[in-house]
Amino acid sequence: MPTILGQNQYGKAENRVVKITRDGDTHHIKDLNVSVALSGDLDDVHYNGSNANCLPTDTTKNTCFAFAKEYGIESAEQYGIHLARHFVDSQPSIHRARIRIEEYSWERIGGSDSNAKFIGADEVNHSFVRKGQETRLAQITYDGEKFEVLSGLKDLTVMNSTNSEFWGFIKDKYTTLQEDYDRILATSLSTWWRHNWTSDEQRMPSWERSYAQAKKHILHAFVETYSLSLQQTLYQMGSRVINNRSEIDEIRFSAPNKHHFRQDLSPFGLDNAAKDGAVYYAADRPYGLIEATILRDGVEPKIPVDMTNL
């Protein structure tokens, strides 16, 4: 039976690009993990091994580093836009480029209380500690006409130690979970949001500010929602972002429950009520996995559901 070639792409994955910008004695770090995927007129390389239309993956790697030096890295999104446009516009055989980026954040290490300085230095502004809160994400896709810019984050672990309940759920012969009117709500958020900027004809968002503000609204909604379900909390977080950030049309969450179960201490004659400050067992597996997409009214969903789920 004859076969035909389906969807295909190629590129260089996980290029670890670190750019140091020096502003006098003050240094700034952009630490990226960049993956390039290209597609286009690539039938011949698959059918008969002809590389005539194939830009080497090593070249895509070199371009990632060269662009970081030539153009700098203002933001993960801006850097990805430059790369995607270059690969499509400079190569007739490449019709689509997808740049996927993880960004790792660093923060400055402050001086000691004794104000000790290195010999010859008035002030130390070049020492950093890796932040552990979350990993910033960006994905830029360009087809020669339109861009799609997704931003996001993963592994942002948050907890409310109260103001969360879970009750009124379906109960059948296999249900053992007890209703809870004062529980811990904890999750590790992974989320992507889609910007409505698609071309240079539009005003480009401030990518750094947009990311910071989206994250702020997510966290504020988590804090301010009295939660009867994690689904309710996700919807409130997404709605807060959409309603406050005009450049964002769609946001998708994947939120694994970080379960905290009150330990049964009754065999030891101890009451373990939440109101008295309970002791919990933190269970890492299995976990509830809650996912949802929140959209601006009238907008069609475009973020693939498998970008966040298991």
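This is a predicted model: local features need pLDDT of at least 70, side-chain atom pairs count only at pLDDT 80 or more; totals for chains, interfaces and linings use all residues.

Modeller: Residues are numbered from 1 along each chain as its sequence is written, and side-chain values use heavy atoms, with hydrogens and water left out.

Biologist: How many helices and strands are in the protein chain?

Modeller: The protein chain has 5 helices and 12 strands, taken as DSSP runs (helices H or I, at least four residues; strands E, at least two) and numbered from the N terminus.

Biologist: And what share of the residues is buried?

Modeller: Of the 310 residues in the protein chain, 41% are buried, meaning under 20% relative accessible area with a 1.4 Å probe, protein chains only.

Biologist: Now the helices. How do the axes of α2 and α3 cross?

Modeller: The axes of α2 (residues 57-71) and α3 (residues 76-90) come within 11 Å and cross at roughly 130 degrees. Axes are lines fitted to C-alpha atoms over the stretch in contact, and angles run from 0 to 180 degrees between N-to-C directions.

Biologist: Which residues meet there?

Modeller: Thr60, Thr63, Cys64, Phe65, Phe67, Ala68 and Tyr71 in α2 meet Tyr79, His82, Leu83, His86 and Phe87 in α3, with contact meaning heavy atoms within 4.5 Å.

Biologist: What classes are they?

Modeller: The contact of α2 with α3 has 8 nonpolar, 4 polar and no charged residues. Ala, Val, Leu, Ile, Met, Phe, Trp, Tyr, Cys and Pro count as nonpolar, Asp, Glu, Lys and Arg as charged, and the others, Gly among them, as polar.

Biologist: What are the dimensions of the C-alpha trace?

Modeller: The C-alpha trace of the protein chain spans about 75 × 75 × 35 Å along its principal axes.

Note on methods
Buried means under 20% relative accessible area, exposed over 50%, partly exposed in between (1.4 Å probe, protein chains only).
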